[in-house]
Amino acid sequence: MELKMDVEALNALMRSEFSQVANDFIVQSVAPMEAVVRMPVAEEHLRPGGTISGPTMFALADVSMYLVVLAMIGPVTLAVTTNCSIDFMRKPTAGVDLIASARIHKLGRSLAVGDVLIHSERMDAPVARASLTYAIPPRST
């Protein structure tokens with residue numbers, strides 16, 4: 001399968017369409033059916049106990065899958081999450097960025113199914129794993 005959007009196009013789309021969070025998610029690499037997205041961790045992402053909040057990791061998983069779907073289908077910004085299940089496996093390291101590796105397992109005309117592994121930078125074991133399904137709107141003819 002061929003990419004429809006590269007790293008520069010995905011990051012530009014985030015700046016133009018999602019300017020309120022564009023600095024929170026940086027596409028580092030993209031390949032067919034895969035993407036790596038970095039999230040710089042800031043004070044607002046922490047919860048009591050000095051760990052990164054679950055909603056922060058959920059947002060990273062969701063945005064990462066969205067971006068890999070768009071990398072494959074083009075700038076179809078109305079693609080939406082229809083399902084997400086996330087497992088929080090270990091405490092992420094506060095003060096370091098989160099890195100998400102998103103992969104599409106099935107890309108159809110109306111649905112994309114994949115998963116995302118989230119790591120704290122420089123930590124070998126993943127801190128979370130998410131399984132997501134995205135609905136792709138019908139193409140105009």
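Some ground rules before going on. This is a predicted model, where local features need pLDDT of at least 70, side-chain atom pairs count only at pLDDT 80 or more, and totals for chains, interfaces and linings use all residues. Numbering starts from 1 along each chain as its sequence is written, and side-chain values use heavy atoms, with hydrogens and water left out.

**Overall build**

You'll find two helices and eight strands in the protein; helices (H or I, at least four residues) and strands (E, at least two) are DSSP runs, numbered from the N terminus. Reading from the N terminus, the order is α-β-β-β-β-α-β-β-β-β. The radius of gyration (taken over C-alpha atoms) is 15 Å, close to the 14 Å from the globule rule (2.2 Å times the number of residues to the power 0.38) for 141 residues, so the protein is as compact as a globular protein of that length. Along its principal axes, the C-alpha trace spans about 50 × 25 × 20 Å.

**Strands side by side**

Two strands pair if DSSP finds at least two bridges between them.

| Pair | Sense | Bridges |
|---|---|---|
| β1 (residues 26-31) and β2 (residues 34-39) | antiparallel | five |
| β2 and β6 (residues 98-107) | antiparallel | six |

A31 has E34 in β2 as its bridge partner, and M39 sits opposite L98 in β6. The β1 and β2 hairpin has two residues between the strands, and M33 takes a positive phi near 70° there.

**Around M14**

M14 belongs to helix α1 (residues 7-17). Is M14 buried or exposed? Its relative accessible area is 2%, so M14 is buried (under 20%; exposed is over 50%, partly exposed in between, with a 1.4 Å probe and protein chains only). Beyond its neighbours within four places in sequence, M14 is in contact (heavy atoms within 4.5 Å) with S19, V21, A22, F25, V63 and L67. M14 and L67 are 53 residues apart along the chain, yet their C-alpha atoms are separated by 9.0 Å.

**Back to the pocket**

The largest pocket has a volume of about 190 Å³, counted as the space filled by probe spheres set on grid points joined across faces, edges and corners. On a 1 Å grid over the protein atoms alone, where a 1.4 Å probe fits, a pocket is an open set with protein on both sides within 12 Å along at least five of seven lines, and lining residues have an atom within 4 Å of a point. Among the lining residues are M1, E2, K4, M72, I73 and L107.
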